[in-house]
Every structure is written in structure tokens, then in C-alpha cells.
Amino acid sequence: MQSMAGLAKRAASVTGGVMIAAALLLPPCAHAQAQNGLSNLFGGIFSGSNPAPSQPAPGPGGAQPWSGEDGASGHPLMTAAAIREAAGNFNHCVAGMWPDAARRGITQDNFQRFTAGLSPDLRIMDLMDSQPEFTKSIWDYLDILVNDNRLAKGREVLAKYKAQFDATERATGVDRYIIAAIWGIESNYSTQMGDRSVLQSTATLACVGRRQAYFKDEFLSALEILNRGDLRPEQMRGSWAGAFGPTQFMPTAFKRFAVDGDGDGRRDVVDNPTDLIASTANNLKKDGWQSGQTWGFEVVVPQGFNYMLADRAKAMTIAQWEKLGLKRPTGQPFPHPAEKAYLLAPAGAQGPGFLMLQNYRVIMKYNPAEAYALAIGHFADRLRGGQPFVQPWPRQERELSRTERLELQQLLAQRGFYKGTPDGQFGGQTREALRNFQASIGVPADGFASSDVLDRLRGR
């Protein structure tokens, strides 16, 4: 689920806490899992154009309705007027995708059957542009996702489907514990997969809002899945951005990675554990998973370390990192000193460091949020019998509110460190600007946005 797909899945997931990861470390893209049900707001799909609603449209199945307000992104297609206009043209938009569907081998009967009665779920427009005022810290995020109950359930799943994990591990070389961790964090082992219709969600996003071209491909891919008979419409329920199933496949990712693990002629990643495990492993394998290797190591970063080196683009061999004073907190040696890794310091100089290997980058391709990938790797280690992280997190620190994050970016811009547009969302550009500011005032340039660094920017 590369780039846009991964971001959409990350932003939209309500299942395992992926929205928290989105708020933690990356800006929303299709803003990582209200309820669904197909209403008939605008009538049949091939009927004439309907007038746009003048009031906020009721949500499907009586769920929370669209706010009727402009989106927070400021995009011209996210104004309330543009949303209403596009919603009024929804039927024509969906019908207009028939030629593209035909080119993909979808029959006209199936196109009409699967699109009949579709209506836009405009509540998605609010979710697409949501910008939470408060976010979780990375340590709170890990506490939520890697807990005793989920670990116990994961061990049950590993035992119950041992034969399937054995076969998949032999065929792909992908670690069973990583697959089990993704399953557990994405959907709490199939108990929280989301309940929105994938067809309705992707059709809405293909016709309304600021990501229409991207979601048109997702919508047509969802139709292909149904046309082929891999899944039934009632199985394709998930997040508002269209991610579905226990490990949250986007429709385009399903097309690329789903496999028929048991040879029954269908690729059922929703209700068939064999297909689910094999398909998730195939995804990771094709993204470059290195068999027999771990994802990374917790490390102690020495005092006085140059945190400008804590950058994904500055990979070095583990032996080189050791020469700079990094070591494992348990005192164990690194198994492969020639491996290349980069340093991640998610809580800055006050928290643990992590040397990230190739398999961590693969997890990031599955879902591109550093906090998510760290949670997956750590959860997998705990399922394997490993221990919690050794070093403490700076739990005395509080997360900045969105208002404070926006102010921090504005102050960095005023001082010439930040060149982007302040939006309250922290990505690599903000962290680089923050590091450069910290270096200029002689404090550890760790890029950690604490309340103290905000006060220093304010001149206090």
C-alpha cells in the first residue's frame, strides 16, 4: 500500500489506533478506521441529476451527518459549496465511470448491480479534512496498542493458525510474528474492521472532494474485486477511505498482493485466514522483506550525541553507529554489524533511540507512520517472547496541541528555519527546522517538539 494508498489507509483507520499515528508523525492525506449502510439520498445511479442538498446530508444508516462546513485543508474542492455541487452530480459521476470499468473487464450487469442505489456519504468530507486538536504521545500510543490483552489474543491466533503460518513462512520467508502483529494492530484480530461500505466510501471520494483521481482507481478496483467474485459486497466493509479486512487492504493493494492461499479459486482476505495470512505476507515480501532479519534495535544514545544524524536519509552500518557510542541497553552485541540502519529518536534526547533496518522500512511501506511501524515491530517481538523496551519514555512531557504546533511552525518560519506553510502537522520538514533552531541555541538538536522548545521560540 504505497504512498497515497498507505497514507489513506493510515489516516482513515479506526481499528487499531492508526489515526493516532497519523496525528503523531505525518500530515493527513485523505483525511491509517460514523457507521455505514447504503442510503438512497439521490436515487438510482442511472437516473437524472438531483439537486444538491441545501442542508447537511444525513449520514448513512442514521450516522453522524456531514457538518455542512468548509474543509480545514482550504482546498477549493473541499468548500461546502463545492461539496454540495459534487454531491448533486454524484449519479452522473458514477455512471460516467462505466467506460473505464468496461475496459477493466467488468460486465455491464455487474456494474449496474454493484452501483445501483449508491449515494454519497458526505460525512467522509469531515473525516478527510479532520485536524485533531490533541494527539497521543508515542508512549501512550504504544501503551494502547501493545497491551496484555492483545498479546494474549495474538498468541491464541498464532497457535490456532499454526499450520497456515508455517506454510506461509516456508513459502515467503516473512516472519509470522510480524503478520500477527499487523493483524492485531489493524483490527484487533478481526474484531474492529470498520463498518463503512467500501463501494460507497470509494465512490464518494471518487466524485467528491480533493482526491478524486486517486480514489477513482480505488473505486474501480473495488468493482473489479466484486466482478471477479473474490469477495461479496457485504464483506467489503471497512474504513472511510476504503481499507477493509483484518489487515486493512486498500482495493488497489488487494489487486497487487492478494493471493489464493488454499486453492479454492477465491482470494478472500476477510473471512479466510489462509488467504489473509498468505496475502499479508505476500505484500511484505514484494515490498522487500528480508527473511530471517529483524526490524531494528532499541539503543542507548550517549550524552552529547549529534542528533542531526538521527535522520532516515543518513543510514550507516551498525558498526559505524557503535563507533559513535550507540549500544543496546541490555549489553547484547548486534548480530550483524555490517547491516545498514538509520537512527530514530521519536522522543528526542530524553527517550530511547532505535536503529532501524530494512524490514522497518518495509513496514513503513505498509503504513507510512513511524509510530505505527515501531508499534508493529515491538508487538511482534513481544509475541515472540521478547521484553518491553528497557529505557523510560519522558512521560512528564505533554503533547503540544494543534494550536501550539501551528504556533511553533509560525515562529520557526519567522526566524527563517521553516520554509513550508504552517498547518499544525509535523513532518520531516518541521523536524529539520526544529533541529536547526535547537542547534542555533546550543541544546540537543533532537527535533522533539516539547513545551520547553516552544517557550524558547517565544523568547521566554
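Is Phe417 buried or exposed, or does Phe417 fall in between as partly exposed? With a relative accessible area of 25%, Phe417 is partly exposed, since buried means under 20% and exposed means over 50%. The legends below describe close-up views of a predicted model.

**View 1. The whole protein.** The protein has 21 helices and 6 strands. Of its 460 residues, 56% count as buried. The accessible surface comes to about 18100 Å², and 50% of that surface belongs to carbon and sulfur atoms.

**View 2. The ring pair of Phe417 and Phe437.** The centres of these two rings are 5.8 Å apart and the planes meet at 75 degrees, so the pair is edge-to-face. Angles over 60 degrees count as edge-to-face. Phe417 is in the loop between α19 and α20, while Phe437 is in helix α20, and the two are 20 residues apart. Phe437 is buried, with a relative accessible area of 1%.

**View 3. Gln438 in helix α20.** Helix α20 covers residues 428-440 and includes Gln438. Because its relative accessibility is 4%, Gln438 counts as buried. Leaving aside residues up to four places away in sequence, Gln438 touches Val443, Pro444, Ala445, Asp446, Gly447, Phe448 and Val453.

**View 4. Strands β3 and β6.** Strand β3 spans residues 296-299, and strand β6 spans residues 353-356. The two strands run antiparallel and are joined by 4 bridges. Glu298 has Phe354 of β6 as its bridge partner. In a regular strand, side chains alternate between the two faces of the sheet. In β3, Gly296 and Glu298 lie on one side and Phe297 and Val299 on the other. These four residues are all buried, and both faces of the strand are covered.

**View 5. The largest nonpolar core.** In soluble globular proteins, nonpolar side chains tend to be buried together. Here the largest nonpolar core has 49 residues, and those with the most contacts inside it are Phe165, Tyr360, Tyr372, Leu374 and Trp393. Elements that each supply at least two residues of this core include α8, α9, β5, β6 and α17. Helix α18 gives the most, with 9 residues. Apart from this core lies another, of 48 residues, among them Ile124, Leu127, Val208 and Ala241.

**View 6. The contacts of Leu374.** Not counting residues up to four places away in sequence, Leu374 touches Ile138, Leu142, Trp295, Pro346, Phe354, Met356, Tyr360, Phe389 and Trp393.

**View 7. One face of helix α8.** The buried residues of α8 are Ile138, Trp139, Tyr141, Leu142 and Leu145. Seen down the helix axis, these buried residues fall within an arc of 160 degrees, so they line one face of α8. An α-helix has 3.6 residues a turn, so residues three or four places apart point the same way.

View 8. The whole structure holds 15 aromatic pairs. In one of them, the ring centres of Phe354 and Phe389 are 4.9 Å apart and the planes are at 65 degrees, so the pair is edge-to-face. Phe354 is in strand β6 and Phe389 is in the loop between α18 and α19, 35 residues apart, and this pair links distant parts of the chain. Phe354 is buried at a relative accessible area of 0%. Phe389 has a relative accessible area of 18% and is buried too. Together with Trp139 and Trp393, these two residues form one aromatic cluster.

Definitions and conventions:
Residues are numbered from 1 along each chain as its sequence is written. This is a predicted model: local features need pLDDT of at least 70, side-chain atom pairs count only at pLDDT 80 or more; totals for chains, interfaces and linings use all residues. Side-chain values use heavy atoms; hydrogens and water are left out. Buried means under 20% relative accessible area, exposed over 50%, partly exposed in between (1.4 Å probe, protein chains only). Two strands pair if DSSP finds at least two bridges between them. A nonpolar core is a set of buried Ala, Val, Leu, Ile, Met, Phe, Trp, Tyr and Cys residues joined through side-chain atoms within 4.5 Å. Contact means heavy atoms within 4.5 Å. The arc is that of the directions from the helix axis to the C-beta atoms. Accessible areas come from the Shrake-Rupley method with a 1.4 Å probe; for residues, only the protein chains shown count as cover. Rings of Phe, Tyr and Trp (its six-membered ring) pair if their centres lie within 6.5 Å; planes under 30 degrees apart count as stacked, over 60 as edge-to-face and the rest as tilted.
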